[in-house]
Structures are given as C-alpha cells and as structure tokens.
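Trainee: Hi, I have a new structure on my screen. Please walk me through it.

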Amino acid sequence: VGEAKKNIVVIGGGITGLTTAYYLQKAAKEQELPIEVKLIEATHRLGGKIQTVRKDGFIIERGPDSFLERKKSASRLATDVGIADQLIRNATGQSYVLVKGKMYPMPGGSIMGIPTQIAPFIMTGLFSIPGKLRAAADFVLPKSKEEGDQALGLFFRRRLGDEVVENLVEPLLSGIYAGDIDQLSLMATFPQFYQVEQKYRSLILGMKKSVPSTPKSSSSEKKKGIFLTFRNGLESLVEAIEKKLEAGSVIKGVRVEKIEKTAKSQYQLSLNNQKVLVADSIVLTVPHLSVQSMMPQYSFFAPFKQMPATSVATVAMSFSEEAIQTDIEGTGFVVSRNSDYTITACTWTHKKWPHTTPKGKVLLRCYVGRAGEETVVDLSDVEIERIVLEDLNKTMNLNKKPDFTIVSRWKKSMPQYTVGHQDRMNSIQKNIQKELPGVFLAGSSFRGLGVPDCIDQGEAAVQEVLQYIKA
Ligand code: FAD
C-alpha cells in the first residue's frame, strides 16, 4: 500500500514485444506485482513483420507464413491467448530445387541438404558423379578442429564439397536467412550440425542416427507437415495478444528516439512526439540498428552498426487455375545461386496451405532479394512483377496475367548472424548488465529469428525483468 508502481516499458510491438508485454502483465496480475507495463510501437499497427492480408477469400502473408511446430513456445502462446483451435498444419508434398535452370525433386531423406538416405542421393540428377563422390568423403573425413565459431559455408563445404553445398545446402539455408552462407555463423544458426560432427564425425551418418527413422510403409502413413499457422493467417496471433493487453497500455504511432540513464538508475525515454517517459526497466525488442541509435553514448553497442541485415521482398500472385499451363505436383521450389533467376524461392501456397486460396484459384508466393542480390527490392512493383513473371514462365508456363499481385518489401529486415555473433552478443549483454541495469534485449536481431525463437526471447526477458524488479 502506498508503494509507487514500477514502470516497465517494452519498446517495439512485433511478436517479441507483444509476447513480453503480455506475459509481464499476466505475471503482474497473477502475482499481484506493483508494476505497470507499457508497450510502445513506432508504426500504427502491431505485429511488426507478421502481417496478413485477407482479400477476396485469400489469406496472404506479407512476412512469415508459419512456424516450426517442433519449437513449442508459439503453440503455447496460442493456447494462452485462446486461439489454439485455429492452428492449422501444412499439407506435405514434393519440393524442388532449381539448379542451373533445371528443376530437380528434393532427394528423399535430405535434411537441410544433408543426405540421410543413400539411395535417393545416388539416384538424383542434382549432382555430378564427382560431386557425389566428394560428398561421400564425409564418411571418412576427420571432424573439424575448430574451437570457436566458423562460417556455415566453410563447415559444409569441408564435409560435403562445393557442389552439394551450392546445389542443395545453400539454397535451403539461405532461404531461411537470405544470407551469405560463407559469412553466417555456424554456432548462431545451426549449432546442432557442429554437435553432430563432434559426436559422430560423419555428418551423414550422424544425421541418420539422430533423426527418428521414417516408417518403412510410407504409402500407408502419409507424412505429417512440420509447420503451423492459423486459419485466418499468422496475424491472428497478433490480434489475439492485442485483445489481452490491458486497456491503455499500448502506445502506437510513437517512436522512441533516445534513452538516457538518470541519476536514480531510472531511464528517460525521449519520444518523437516531444514527450518523455520514465522507466525503471526496459525491454528493447527493436532491430539492432535501432538499439544502437537510441543509445549512441554507449560504445559497446557499436558492433550493431557493423551487423548486416538483408533486404527481401515477397511477391504474392493469384491466378485462375486455367492460367497454369504446366502444373508441377508439389509445394514449391528454392533456387540455387548458379541459376539465371531473380526469384530465390517460390511456394505454391494453394497446395501447401489449401485454406488460403478459394477453389479454382492459384496462389503463388515468391521471394526476391538475398545477400549480394538486394537491389531488386528497390524496383517498382510493376518492375518486380514483370521480373517474377518472367522467371515463373521459365518453369510453369503461365498464359495469363495475375488477377492481383501484392509486393511486400522488407528492407534491412533479415538480421545476419555472422561469424562471432554469439561472442559479440555475450559481450554486449555483459556490458548492459554493468552499465544499464534493468535494460534487456530480446528479438530477431539477437538470439534467433524464427517466430518461436522470438517468443522464447520475450519469455526470457519477462523472467529477467521480474527478477530485477523483485531484487
Ligand atoms: P519485428 O517484427 O521487426 O518488430 C519490431 C518492432 O519494433 C516493429 O514493429 C517496429 O516498427 C518497432 N520499432 C522499431 N524501432 C522502434 C522505435 N524506435 N520505437 C518504437 N518502436 C520501434 N520466421 C518464421 O518463424 N517463419 C517464417 O516463415 C518466417 N518468414 C519470414 C519472412 C520474411 C519476409 C521475413 C522478413 C521474416 C520471416 N521470419 C520467419 C522471421 C520472423 O518473421 C521475424 O524474425 C520476427 O517476426 C521478428 O519479430 P520481432 O518482434 O523480433 O521484430
């Protein structure tokens, strides 16, 4: 009684900030904590990169379209906000990789491009015989002596050879990070591959042992999808969380410009509307560059200035079924860098996610832009549409213009965890603890960029704030 409430400000209303604000308010209510939580978002809408367009019976994702079911935090959050009944799983089907302009079915049993079954790998036309022989060297090569971090590309090239990496591993991995695998950190992206190598030496044998074997009678038991989304799109999660947030706790259309520590170990946040907020604890869920620009007075944030972020765009196009002259059975394809294409991937969304598309229609979603190939993102919508159609026509033979096209640009939006990322993060977070007690980082720039990874970080930040406030 009479105790002043502690102010906690969450900056950024993407999925990380939403998760943080929601679980903080939930804890405050359940544990009757004297805290007041505010969420500040620069734009006029919540969700950040999660954005769904619902149009003419289509469900179209501008950003992420789903998340991995295996990472449990997203489904748990969906349950907590009452929309678990809207979860929906992807339909499975053949996927392809386009190499030097030719479409190849993804070899059976390959996990992130690593073969775990030998027969499909021997049979595929995706690699030359020397390429296959080089990959087989994985069986005999010693494990890596690297002590610290190394580039993803280096690791895979050493184990499997350049050809398997360029024709299969790279298109799959860079599909997730839109990055340059020769710059990306192995330990910050796929540490499990390092661990498999250390444990089993051979990546192929190790992966074979560490993945649950698929049932032999594959015809009787259809493979289950591994991704989840919501019936009305991923933004349903954003809407459901927003509804649960306390009235008046969300401030939209206001940007935090500057953060300064006061003498009383509080923080003063200068906003772009000339107002000032005072906080006892802050969770920053904004991109790394925003963090650095809010607190340029702390030189330990300088590595964020060097940390790259790639620009990409997604291009959703709808057609009537008759427009597709050559229909390929499957869920989509990724494109290797050695192909003369601008698109980097294409999902046949109407097949992978049938609920998104009205009957008789087709919904394709292509990606353009990746590390080193980003200028395309700056072209006009009309130009991008033309380029994408030209690429699609090389494989699918479309005889009509799309009914509509939605281009979504994500500039400098795919943070790149380059070699040494984790060491740099550890050092920055140590400095924050020392110089800025009560300030915490969470979100896609820091410790994982998948939606469930962001939710995990939001939940971890909640624990850190509560511990700090209670101490
Ligand atoms: P953001 O969503 O970027 O939110 C940060 C928020 O902070 C924004 O709303 C921004 O406006 C706000 N902000 C910034 N500066 C300030 C400021 N100064 N003051 C106040 N507010 C500020 N992940 C998956 O799991 N599956 C996928 O299929 C998938 N596909 C993707 C496809 C694309 C095209 C992209 C771009 C990403 C994809 N991802 C996917 C990754 C995932 O979407 C993101 O990593 C995740 O949504 C990021 O959430 P976040 O809350 O950390 O950041």
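Mentor: Happy to; a term for strands comes first: two strands pair if DSSP finds at least two bridges between them. Strands are DSSP runs of E with at least two residues, helices are runs of H or I with at least four, and both are numbered from the N terminus. This is a predicted model, where local features need pLDDT of at least 70, side-chain atom pairs count only at pLDDT 80 or more, and totals for chains, interfaces and linings use all residues. Residues are numbered from 1 along each chain as its sequence is written.

Trainee: Thanks! What is the strand order in the open sheet of five strands?

Mentor: The order is β12-β2-β1-β16-β22, and the pairing is parallel. At the edges are β12 (250-252) and β22 (439-441), each pairing on one side only.

Trainee: How many bridges join β1 to β16?

Mentor: Four bridges link β1 (residues 6-11) with β16 (residues 281-284), and the two run parallel. Val10 has Val283 as its bridge partner in β16, and Ile11 stands opposite Leu284. Towards β22, strand β16 has three bridges, again parallel, with Val283 opposite Phe440.

Trainee: And are the faces of β16 covered or open?

Mentor: Both are covered: Ser281 and Val283 on one side, and Ile282 and Leu284 on the other, are all buried. Buried means 20 or more other C-beta atoms within 10 Å of a residue's own, exposed means 12 or fewer, and partly exposed is in between, with C-beta atoms placed from the backbone. In a regular strand the side chains alternate between the two faces of the sheet.

Trainee: Which strands does α16 lie across?

Mentor: Helix α16 lies across β1, β2, β16 and β22, and runs at about 170° to β16. Gln457 is in this helix. It counts as buried because it has 26 C-beta neighbours inside 10 Å.

Trainee: What is Gln457 in contact with?

Mentor: Leaving aside neighbours within four places in sequence, Gln457 is in contact with Thr16, Ala442, Gly443, Phe446, Arg447 and Gly448. Contact means that the C-beta atoms, placed from the backbone, lie within 7 Å.

Trainee: Switching to the ligand: which residues are the closest?

Mentor: Of the 36 residues that surround the ligand, the closest are Gly12, Gly14, Gly48, Pro64 and Gly443. A residue counts as near a molecule when its C-beta atom, placed from the backbone, lies within 6 Å of it. Elements giving two or more residues to this shell are α1 (15-30), β2 (35-41), β17 (309-320), β21 (404-415) and α16 (451-470).

Trainee: What does the shell look like by class?

Mentor: There are 16 nonpolar, 16 polar and four charged residues. Nonpolar covers Ala, Val, Leu, Ile, Met, Phe, Trp, Tyr, Cys and Pro, charged covers Asp, Glu, Lys and Arg, and the others, Gly among them, are polar.

Trainee: Where does Gly47 lie?

Mentor: Gly47 is in the loop between β2 and β3. Gly47 is buried, as 23 other C-beta atoms are within 10 Å. Not counting residues up to four places away in sequence, Gly47 touches Gly14, Glu235 and Val238.

Trainee: And what do β3 and β4 form?

Mentor: A hairpin with two residues between the strands; Asp56 in the turn has a positive phi of about 45°. β3 (residues 52-55) and β4 (residues 58-61) pair in the antiparallel sense over four bridges, and Val53 has Ile60 as its bridge partner.

Trainee: Which strands form the open sheet with mixed pairing?

Mentor: Seven strands, in the order β8-β7-β18-β19-β20-β17-β21. Its edge strands are β8 (102-105) and β21, each pairing on one side only. Nine bridges hold the antiparallel pair β17 and β21, where Ala309 has Pro415 as its partner.

Trainee: Last topic: which residues touch the most other members in the largest nonpolar core?

Mentor: Val97, Val315, Ile343, Cys366 and Val368, out of 64 residues. Such a core is a set of buried Ala, Val, Leu, Ile, Met, Phe, Trp, Tyr and Cys residues joined through C-beta atoms within 7 Å. Helix α6 (residues 162-177) gives the most to this core, seven residues. Apart from this core lies another, of 55 residues, including Tyr23, Leu234, Leu237 and Phe301.

Conventions:
Contact = placed C-beta atoms within 7 Å. Axes fitted to C-alpha atoms, helices over the stretch in contact; angles between N-to-C directions.
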